[in-house]
Amino acid sequence: MYIDTHAHLNYEEKYGDEAALLAHIRAVGVEKIIDVGWNYTSSAYAAKQAQANSCLWFAAGFHPSNLEDFREGDFEKIAALLAAPKGVAVGEIGLDYHYENTDESAQKRAFCAQLELAHALCLPVIIHSRDAAADTLQILKDNRRYLDCGGVMHCFSGSEETAKEYLKLGLYISFAGPVTFKNARRLDEVAKIVPSERILAETDSPYLAPEPLRGTLNTPANVPFIYKKLAQLRGEDEEELAQKIYKNAHTLFTKLNNHGKI
Ligand SMILES: [Zn+2]
């Protein structure tokens with residue numbers, strides 16, 4: 001019984017036959033998937049997919065690298081999407097300084113505004129941070145009052161010290177494909193120190209396919225590779241770890257307990 005806490009099945013053009021894909025994912029034992037938006041359109045599409053498919057839930061928000069899509073009123077529209085029974089989180093949000101010419105102050109403003117939105121909606125946040133660890137941590141510390149419904153550092157790839165700081169803020173740490181990569185020694189150490197009540201797993205599909213499928217189109221059907229590697233690193237039984245992660249996901253994303261329409 002697996003859960004994939006972060007995937008982007010809302011890339012319409014990347015995954016052909018949706019019914020066949022979901023059947024394949026279910027067949028390997030993946031029971032629930034959180035389908036994550038990166039702008040308004042992708043969030044609205046994820047909401048529609050979640051309404052139509054019993055194994056999908058969704059998150060809605062603006063990724064820091066997609067702010068050029070932002071239009072006046074979009075945060076209100078995202079809030080309206082999240083009123084749906086299967087809208088589990090505000091995400092993904094955060095900071096990404098990877099690309100040249102990023103508008104860091106615009107990213108910070110959008111990040112703060114969405115932390116505030118999550119607090120207002122009483123929903124957890126899904127946080128993306130790339131090449132921006134110091135600023136991400138500073139913003140989270142400064143906005144701690146808005147983290148009262150919790151959050152997760154998705155696809156964590158930072159240091160042990162950074163992970164400890166996020167844990168102190170009450171956040172969960174989620175591992176994706178990179179933890180399975182052969183050169184991931186630093187991340188291996190992080191996977192060993194995250195307390196079992198704060199660990200999550202995800203694929204971040206369609207990106208970052210785990211070993212041994214690296215370089216291929218990733219899907220939530222590959223999430224067992226992440227669980228296997230985490231169990232190995234932590235010296236835990238894979239099935240027990242899967243049960244803990246499943247429980248953690250439901251503790252953080254409380255709306256995962258909602259099924260279908262109300
Ligand atoms: Zn993502």
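Residues are numbered from 1 along each chain as its sequence is written. Because the model is predicted, local features need pLDDT of at least 70 and side-chain atom pairs count only at pLDDT 80 or more, while totals for chains, interfaces and linings use all residues.

**Exercise 1.** Determine in what order the strands of the open sheet stand, and which strands stand at its edges.

*Solution.* Strands are DSSP runs of E with at least two residues, helices are runs of H or I with at least four, and both are numbered from the N terminus; two strands pair if DSSP finds at least two bridges between them. With these terms, the open sheet has eight strands in the order β1-β2-β3-β4-β5-β6-β7-β8, with parallel pairing. The edges are held by β1 (2-7) and β8, each of which has a single partner strand, so one side of each is left without a neighbour in the sheet.

**Exercise 2.** Describe the surroundings of strand β7 (residues 172-175), taking its partner strands and then its two faces.

*Solution.* Begin with β6 (residues 151-153), which pairs with β7 in the parallel sense over two bridges, Met153 having Ile173 as its bridge partner. Continue with β8 (residues 199-201), which runs parallel to β7 and is joined to it by three bridges; here Ile173 stands opposite Ile199. Finally, in a regular strand the side chains alternate between the two faces of the sheet. In β7, Tyr172 and Ser174 lie on one side and Ile173 and Phe175 on the other, and all are buried (20 or more other C-beta atoms, placed from the backbone, within 10 Å of the residue's own).

Conventions:
Buried ≥ 20, exposed ≤ 12 C-beta atoms within 10 Å, placed from the backbone.
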